[in-house]
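Subject: Handover of a structure and findings

Dear colleague,

Please find below the structure that I am handing over to you.

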Amino acid sequence: MSDDMAVGIDLGTSYSAVAAILDSKPEVLANEWGERTHASVVSFLDDGTVLVGNSAKRNIITNAENTVYSAKRLIGRFFFSDEVKKAQAVMPYRIVEGPNNSVRVQIGQRIFAIPEVSALVLKEMKAIAETALGRTVTKAVVTCPAYFNDNQRQATRDAGRIAGLDVLRIINEPTAAALAYGFGKDINQRICVYDLGGGTFDVSILEIGRDVFEVLATAGDTYLGGDDFDDRIMTWLAQDFLEKRGLDLRQNKYCLQMLKEAGEKAKIDVGRDGQATIHVPGICQTPEGEVLDLQHQLGADQFNRMVMDLVQRTFKVCDEALQAARMTAGDIDAVILVGGPTRLPIIRQSVRHYFQRDPMTGIDPDEVVALGASIQARALLDRNAAAGGQASYLLDVTPLTLRVGTVGGWAEPVIAKNTPIPIEKSKAFTTSRDGQDRVRIRVYQGESKRADECEFLGEFEFTGFRIGYRGEVQIQVTFEIDSNGIVNVAATDVETGQKASTTIRLSSGLSEQDIQAAIDKNAEVVLAGHGS
Amino acid sequence: MDESFRIEVEALVQALDQLDYFAVLKLPQDASPADIREAYHRESRAYHPDRFAALPDPPLRELVGRIYRRINEAYTVLRDDARRRKYVGDINGPDRAGKLRFTEADEVEVKEAQKRRVEEQLGQTPNGRKFFAAALADIQGGRWDAASRALQMAIMYEPQNPRFKEQLAAVEKQRPRGGFSIK
């Protein structure tokens, strides 16, 4: 057995967790206060230290401009995307534009890239693990939503590197959850993982035969999560307040945060008790100086009506995944629930109704992903796992079709979605002008034939091949998707076999130089609340 | 990993471009979908890159990666009935050496063949399809006279379509005879 140690980290939109194998059993590692999940909130304090986790969450209200939450909604996105516009409207921290249409947050005079913010959450997870295990931790498997595209995966991996972690692998959250449940019996089983997180929704259909976890299909919506349920309650509260008092609480970012917190709490209460009492004293002041309270009752029926369309949207995604796997809901042998919002009775009932069976609930839906990641982390470190029969094999797929841009704004498919990874595919390009010395290729991911409706991954320029008349020089471009779901592109001259060099890679991601600088910056950060 | 494994991997990588997808998955050409999945799982256990992730030997890992990417490529083609059908035809044809790997042109051909099949089923002309669709709706609703009329129109546009004729014959059988239907 190896002396090395690797942990599994679930880097969530709202909450994160870290787990490791202890005495050959996966365990979630608690922090010094016994907390097992940690708010993915980063608060920059006046003394220069950084507070991360549940104690930072309180600062969303008291230190709003210097506290970043839900960074995962922004990771790997372009500045002009809808998600970023939406975030700018509701987030109290400043979201600004960086180079190449990337997103940055501004805290005072300092500017942070999103992977740098996520890296601080990872740094906290690393610190929690180190305290719990009493040793240094440098290796980790980090999870991401199955439906994340290449930009989002690269950014997640960059976040790990910035935090000083050797990221052994990025694995998909639903796949990690399946791994945590284990199965591993001799019969083949078909399972569906229903993963409703804070900001994203994923469905994966797997066929499990003994130690092999084959993902047949995956589908998702990176714009649908538990936050949207909170939003519904918030909107209802704000609307009602506006009608009764003539004041719009959403106009003030301070009120908005109190409202948001009240919405989240009401959702949890109504899910647990079937009834929620909302009471926020002194949420705002009238121009005359009168202090107003927010007070309401929310019943289960009313809540269910508010969110019914969101719940139904999740089953449209289930339909899509099942269809891609060429199955119907009746073919599924087991359903796994992942993510805090799946505790809601409305979700459980709807899942039961859709699949005609009770979902599995043996493992805490907030911890299952980190546990699965820790199992994979251990397997990747242990050279003798296979020989000892300890290994399990994750056969995952790419969630989105990989495309190249062509003339006229079209995007032609190269690797179809739900293709098993790692995979490679080559495509021949010819020069179109005499004496052409460079070839440019724009790469996209998405399901539309129109390039502008797909996610732009980057532009590659190849040089260093022979120069000849047009149509004479053939360049073979190989597109590879690796086990992390990350895209690599390389080109060779068909006739000479010489490798062409990539001269630029335009994308919103961080350059190697940026990452190196960020690693140093991250290493200097002192995390608040770690006494020892 | 022992030396015999390295030799096996090196030999396999050398031969990779001469193997068809069935050989990659160690399967006969008449393998069933269940056989194909089982073979894929078996080869994954042998060559999955995760097995070798901790191996301090990057060149060997790269070779294993090449084999595994080809295994995935083979499985992607063979697990799909339409692609497999075309592939089996190709590798048993005259241009076997040029057809060992499924290319984009092959992909397009499979898509077109599928489209043709759908067209044969639903009609090749816009008007033929329109009347045929109307006829199917009428059949669903039990409106036999209307269905018969629509099918006759569809056949006017596509006199050769066997499916239209079949459907008409079936409708004629269902249609109440004698002209005095009670309403």
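How many residues of chain A are in contact with how many residues of chain B? The contact joins 21 residues of chain A to 18 residues of chain B. On the side of chain A that touches chain B, two or more residues come from each of β15 (212–221), α11 (368–381), β19 (393–395) and β22 (423–430) of chain A. By class, that side of chain A holds 13 nonpolar, three polar and five charged residues.

Please bear in mind that this is a predicted model. For the complex, the predictor gives an ipTM of 0.87 and a pTM of 0.86. Chain B has a mean pLDDT of 88, with 95% of its residues at 70 or more. Among the elements of chain B, the lowest mean pLDDT, 81, belongs to helix α6 (residues 104–122) of chain B, and the highest, 96, to helix α2 (residues 21–24) of chain B.

Chain A

The domain assignment of chain A lists domain 1 (6–186 + 364–392 + 515–524), domain 2 (226–305) and domain 3 (402–497). Between domain 1 of chain A and domain 3 of chain A, the C-alpha centres are 32 Å apart. Eight residues from domain 1 of chain A and eight residues from domain 3 of chain A take part in the contact of these two domains. On the side of domain 1 of chain A that touches domain 3 of chain A, α5 (150–162) and β12 (166–172) of chain A each supply at least two residues. The largest share of that side, five residues, is from α5(A). Its classes are one nonpolar, three polar and four charged residues.

Helix α5(A) also packs against helix α12 (residues 512–524) of chain A: their axes come within 8 Å and cross at roughly 45°. An angle of this value makes α5(A) oblique to α12(A). In this pairing, Asp158(A), Arg161(A) and Ile162(A) of α5(A) meet Ile515(A), Ala518(A), Ile519(A) and Asn522(A) of α12(A). The residues of the contact of α5(A) with α12(A) comprise four nonpolar, one polar and two charged.

The peptide bond from Ile421(A) to Pro422(A) is cis, with omega near 0°. Pro422(A) is placed in the loop between β21 (410–415) and β22 of chain A, and β22 is one of the elements that give two or more residues to the side of chain A that touches chain B. Asn100(A) lies in the loop between β8 (94–97) and β9 (103–107) of chain A.

Chain B

Chain B is divided into domain 1 (3–120) and domain 2 (123–174). The C-alpha centres of domain 1 of chain B and domain 2 of chain B are 44 Å apart.

Two helix pairs of chain B were examined. In one of them, helix α1 (residues 3–15) of chain B and helix α4 (residues 58–78) of chain B pack at an angle of about 50°, and their axes are 10 Å apart. With that angle, α1(B) is oblique to α4(B). Their crossing is left-handed. From α1(B), the residues Arg6(B), Val9(B), Glu10(B), Leu12(B) and Val13(B) meet Leu60(B), Leu63(B), Val64(B), Arg66(B) and Ile67(B) from α4(B). This contact of α1(B) with α4(B) has seven nonpolar, no polar and three charged residues.

In the other pair, the axes of helix α7 (residues 126–141) of chain B and helix α8 (residues 144–157) of chain B come within 8 Å and cross at roughly 165°. Because of this angle, α7(B) is roughly antiparallel to α8(B). The crossing in which α7(B) passes α8(B) is left-handed. Among the residues that meet here are Phe131(B), Phe132(B) and Ile139(B) in α7(B), and Leu151(B), Met153(B) and Tyr157(B) in α8(B). By class, the residues of the contact of α7(B) with α8(B) are 12 nonpolar, two polar and one charged.

Yours sincerely

Definitions and conventions: Residues numbered from 1 in each chain as written. Chains lettered and ligands numbered in written order. Predicted model: local features only at pLDDT ≥ 70, side-chain atom pairs only at ≥ 80, totals over all residues. Domains from an automatic or database assignment. pLDDT = per-residue confidence, 0-100. Helix = DSSP H or I, 4+ residues; strand = E, 2+ residues; numbered from the N terminus. Contact = placed C-beta atoms within 7 Å. Nonpolar A, V, L, I, M, F, W, Y, C, P; charged D, E, K, R; others polar. Axes fitted to C-alpha atoms, helices over the stretch in contact; angles between N-to-C directions. Parallel < 35°, antiparallel > 145°, perpendicular 65-115°, else oblique. Left-handed = near helix turned anticlockwise from the far one by under 90°.
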